[in-house]
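Please open the structure in the viewer and follow the selections below in order. Each stop states what to select and what is found there.

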Amino acid sequence: MEKTLQDICRDAKEDQHLTTQDLADLTDLSSSTISNYFSASSKDPSLYKMGLICAALGVSIDEYFGIVKRPTTEEQLAEAHRAMADADAKHSAALRIAHLEGGMEQLTESVAKHEKKERVLQIWVYILAFSLSIAVSIIFGYLAFDSSVPHTGLIRNGQITSIGWMLFALLAVGVGVIIASLINALRYYRHHQTDKNIG
């Protein structure tokens with residue numbers, strides 16, 4: 001059976017070890033009014049007297065009767081503003097996360113492109129080195145053959161012709177450019193490999 005408000009107040013009075021006189025002093029009601037309220041044959045007291053007794057004992061009449069305070073318009077507006085601020089914060093956080101994820105995707109793509117360029121550069125370095133070794137071999141072979149034929153070619157009777165000097169100068173410049181490019185490419189590749197190993 002559900003407890004009455006009187007039962008709840010009686011339990012609270014006993015839990016707090018209050019006498020009838022203590023409660024009368026707290027409520028400014030007479031001791032007889034307090035006694036009548038807790039008696040089994042009590043008639044319902046006025047709402048005012050019941051409210052004083054409940055307040056002194058810390059018993060909520062609203063809670064007993066299930067009365068819920070309706071929020072005011074200002075309170076409803078404040079709650080709506082809080083909800084909007086929470087939604088904005090969540091939306092802003094979601095945008096930041098999406099931005100960071102997009103940045104990570106771009107970074108991953110950039111690293112992949114850079115690694116692909118490195119592989120292509122490495123292949124070109126090997127091709128240039130191979131081409132250079134073939135070109136040098138052909139030149140030395142030609143010089144050996146040309147020096148054995150005395151009256152024709154770039155070397156005649158042991159002397160290099162003016163066209164021969166121009167070709168040798170161009171060849172030296174070309175070989176120098178190829179070697180310099182090869183050295184720079186190797187330096188770049190080694191430097192980048194060191195950075196990758198450190199990272």
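In which helix does Trp-124 lie? Select Trp-124 in this predicted model: the residue belongs to helix α6, which spans residues 73-148.

Select helix α2 (residues 20-27) and helix α4 (residues 47-57), whose axes come within 9 Å and cross at roughly 110°. Because angles of 65 to 115 degrees count as roughly perpendicular, α2 is described as roughly perpendicular to α4. To view the contact itself, display the side chains of Leu-23, Leu-26 and Thr-27 on α2, and those of Leu-52, Ile-53, Ala-56 and Leu-57 on α4. By class, this contact of α2 with α4 comprises 6 nonpolar residues and 1 polar residue, with no charged residues.

Which residues of α3 and α4 meet? On α3, select Thr-33, Ile-34, Tyr-37 and Phe-38; they meet Lys-49, Met-50, Ile-53 and Leu-57 of α4. The contact of α3 with α4 has 6 nonpolar, 1 polar and 1 charged residues.

Finally, select Ile-53 and Leu-57 of α4, which take part in the contact with α2 and also meet α3.

How values were computed:
Residues are numbered from 1 along each chain as its sequence is written. This is a predicted model: local features need pLDDT of at least 70, side-chain atom pairs count only at pLDDT 80 or more; totals for chains, interfaces and linings use all residues. Side-chain values use heavy atoms; hydrogens and water are left out. Helices (H or I, at least four residues) and strands (E, at least two) are DSSP runs, numbered from the N terminus. Axes are lines fitted to C-alpha atoms, for helices over the stretch in contact, and angles run from 0 to 180 degrees between N-to-C directions. Angles under 35 degrees count as roughly parallel, over 145 as roughly antiparallel, 65 to 115 as roughly perpendicular and the rest as oblique. Contact means heavy atoms within 4.5 Å. Ala, Val, Leu, Ile, Met, Phe, Trp, Tyr, Cys and Pro count as nonpolar, Asp, Glu, Lys and Arg as charged, and the others, Gly among them, as polar.
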